[in-house]
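Hello,

Here is the structure I promised to pass on. Please have it open while you read my notes below.

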Amino acid sequence: MSLSEQEILQLLEKHHINYIVRKHEPIFTVAEGEALGLPNVQAAVKSLLLTDDKHQSFYLVALPLDKRLDLKELRAKIGSRRLTMASAEELMRLLQLSPGAVTPFGLLQDVEHKVQTFFDAELKENTIATHLDSNTATVWLKCQKLVHLLEEKGHESTYLSL
């Protein structure tokens, strides 16, 4: 069963994590967020669910929107096989998310801890903006607080220079 937006917000409150949340029309790009008047859209991160070529290892990678992810470089840093984007079916099965709404909060659905997590090192000290459980609400919070919450729930995260 997937956690609802309200359950995620309650979890943030329970762990004394300061956040700002804005509900909005479905958005897929920063430009759409800016058009809706969302604050500090530059803090938005892109989150990608990747898999190896055998579809046995899965990785959630969060990085600044303006940064391009070099899959070969990432592969070398994490010691993985060739990497590709996970399928919509894998995204739904593992994180209960649909394409266009990938978020680190999806890891809370990964009860089997099959997804390894990497945050770009640039994000560590920053406030980031990410979707909650769909692309109709965005939350702003400190990256370190999110990582700490995920770790408390059993999801180790690694900061990498990407």
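Glu112 counts as exposed, at 57% relative accessibility. For such labels, buried means under 20% relative accessible area, exposed means over 50%, and partly exposed lies in between (1.4 Å probe, protein chains only).

Before the rest, some ground rules. This is a predicted model, in which local features need pLDDT of at least 70 and side-chain atom pairs count only at pLDDT 80 or more, while totals for chains, interfaces and linings use all residues. Residues are numbered from 1 along each chain as its sequence is written, and side-chain values use heavy atoms, with hydrogens and water left out.

**Salt bridges**

Glu112 meets Lys114 in a salt bridge, at 3.3 Å from N to O. The term requires a side-chain nitrogen of Lys or Arg within 4 Å of a carboxyl oxygen of Asp or Glu. Lys114 is partly exposed, at 41%.

The structure holds 6 salt bridges. One of them pairs Asp53 with Arg81, with the closest N and O atoms 2.7 Å apart. This pair links distant parts of the chain, 28 residues apart. Asp53 sits in the loop between β2 and β3, and Arg81 in the loop between α3 (71–78) and β4. Helices (H or I, at least four residues) and strands (E, at least two) are DSSP runs, numbered from the N terminus. Both partners are partly exposed: Asp53 at 32%, Arg81 at 40%.

Glu73 and Lys77 form another salt bridge, at 3.3 Å from N to O. They are 4 residues apart in helix α3, so about one helical turn separates them.

**The sheet**

Two strands pair if DSSP finds at least two bridges between them.

β2 (residues 45–52) pairs with β4 in the antiparallel sense over 3 bridges. Leu50 has Met85 in β4 as its bridge partner.

Contact means heavy atoms within 4.5 Å.

**The cores**

A nonpolar core is a set of buried Ala, Val, Leu, Ile, Met, Phe, Trp, Tyr and Cys residues joined through side-chain atoms within 4.5 Å. The largest has 32 residues. Among those touching the most other members are Leu12, Phe105 and Leu141. α5 gives the largest share, 5 residues. A second, separate core of 12 residues includes Tyr59, Val61, Leu69 and Phe118.

**One buried histidine**

His131 is in strand β6 (127–131). Its relative accessible area is 14%, so it is buried. The side chain of His131 reaches the backbone oxygen of Ser134 at 3.4 Å. The backbone oxygen of Ala137 lies 3.5 Å from a polar atom of that side chain. Beyond four places in sequence, His131 also contacts residues including His24, Gly100 and Phe105.

Best wishes

Key: A polar contact is a pair of N or O atoms within 3.5 Å; within protein, one must be able to donate a hydrogen and the other to accept it, and residues adjacent in sequence count only if both atoms are side-chain atoms.
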